[in-house]
Every structure is written in C-alpha cells, then in structure tokens.
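Hi everyone, thanks for making time this morning. I'd like to walk you through a few side chains, so let me put the sequence and the structure up on the screen.

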Amino acid sequence: MSTPAPTLILASASPRRRELLARLGVEPDAIAPADIDESPRKGELPRNYATRMAREKAAAVDGGNAHVLAGDTVVACGRRILPKAEDQATARRCLELLSGRRHRVLSAIALAAPDGSMRERLSETQLKFKRLSAEEIDAYIASGEWEGKAGGYAIQGMAEALIPWIQGSHSGVVGLPLFETRALLKAAGFTLG
Ligand SMILES: Cc1cn([C@H]2C[C@H](O)[C@@H](COP(=O)(O)OP(=O)(O)OP(=O)(O)O)O2)c(=O)[nH]c1=O
C-alpha cells in the first residue's frame, strides 16, 4: 500500500503567500489564517521574533491529519523591529528611518506536522533604500502600497524602484522564501519539482 500524499493547510491571510506557494506548484488543501498576538517581547531580537511568530501561527491552527504551514516577515533596522504599517503616519516614520540606509528582512516559515513536530527555516535579506526625498516619500504614501506591510513598503510594487541593492531572497521579502519553503516541504515528504 502506498503512503497517501500529505495534505497542507496554509495558515495565512496573505494572498502573496498563496501566490508564492503556487510558484512551487503547491495548492494548499485549505487556508486557515491564524489569529495570534503579534506583539514583540521586550528586547526580542528580530530573527527570534520572526521565528516565534511563524511557529505560533502554525501551532494556532488545528491541522488534524494535515501539515500546517505559516510564515512571518519582519523588517529590522539594527536590533529594531519595524511595525506593520496600518496608517500613513507609521508608514512615513518607517520610510524616513529606512531612507538611505541598509536594513534586513527576516522571513521565517514553520511547518507543523500531524505528529506535533515542527520544522522551521529563516531567510535573511539585506536591502538598501536610496536616500528618499520628501517628494518621494509623499508619492509613496499616496500610493497606498504600504498598507499592511512590514516596514511600510512592498518590494513587489513601486518600492523596488527605490531599492538600488538587495542581497538575499526577493520572495522572502514578499513573504514566503521559496528556497527555504521548498526545502521544508520536501523534508516533510511533499512531492515537489
Ligand atoms: C517588506 C515587505 C513586506 N510585505 C508583507 C509580507 C507580509 O504579508 C507582511 C508582514 O506581515 P506578516 O505578519 O508576516 O503577514 P500577514 O499578517 O500579511 O499575513 P499572515 O500572518 O496571515 O500570514 O508584509 C510585502 O508584501 N512586501 C514587502 O516588501
């Protein structure tokens, strides 16, 4: 008797994570966003925070006999964790901080197996924004593309034109690092190309 193909639940409300997963040829059997407290702990390092969030999102969804995949993307400037921009003032503060500097994007993924075990991976990308003029910041704010995005920008939109340098994973910045996700799913027994 052959082993049945494992089933997958994507614990995410992000359409970008679903689109990125599709690029691996994977269609989740279900989507079940996790609702967890996303406040960082006092003094928590960005990479530890991203990993903890991904794990907690994966653990928050009852997968039954399925695997549960979750991700978390954090923008960090030094040890500082930037917020997810939900309003213009927050997005503007983020862009003013990121202007002309290097920063990091930590993108963690976690896969909870039906036996209760958890696998995780972390992708780290370094990027640099050009020095942004007041007009460039105003135009970006007016675009609305920052909404709901960690660090107040979305590289998949017009922000990429303000980023002269990136080292790491573009898909990781958008929300699901494809290299790490493929490895994690393969290790758990999923058949991928
Ligand atoms: C930096 C950056 C972040 N982002 C997004 C990715 C994430 O969706 C979001 C960070 O928030 P997350 O908490 O990682 O994810 P989410 O709340 O959107 O979705 P869920 O927890 O349900 O999976 O910022 C971009 O889309 N582009 C970018 O360039």
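Let's start with aromatic pairs: searching the whole structure turns up one. Please keep in mind that this is a predicted model. The partners are Phe-129 and Tyr-153, and their arrangement is edge-to-face, with 4.9 Å from centre to centre and 90° between the planes.

Where do these two sit? Phe-129 belongs to the loop between strand E7 (118–128) and helix H4 (134–143), while Tyr-153 is in the loop between strand E8 (149–150) and strand E9 (165–167), so the pair ties together parts that are 24 residues apart in sequence.

Arg-102 places its charged end over the ring of Trp-165, 4.1 Å from the ring centre.

Now over to Asp-72, which an unreviewed UniProt entry annotates as "active site". You'll find Asp-72 in strand E3, which covers residues 67–77. Asp-72 has a relative accessible area of 4%, so we call it buried, the cut-off being under 20%.

Which residues does Asp-72 touch, leaving out those up to four places away in sequence? Among them are Arg-17, Glu-38, Met-53, Lys-57, Leu-106 and Ser-107.

Key. Residues numbered from 1 in each chain as written. Predicted model: local features only at pLDDT ≥ 70, side-chain atom pairs only at ≥ 80, totals over all residues. Heavy atoms only, no water. Phe/Tyr/Trp six-rings, centres within 6.5 Å; stacked < 30°, edge-to-face > 60°. Helix = DSSP H or I, 4+ residues; strand = E, 2+ residues; numbered from the N terminus. Lys NZ or Arg CZ within 6 Å of the ring centre and 35° of its normal. UniProt positions renumbered as here; feature names shortened; annotations may be inferred. Buried < 20%, exposed > 50% of the residue type's maximum accessible area, 1.4 Å probe, protein only. Contact = heavy atoms within 4.5 Å.
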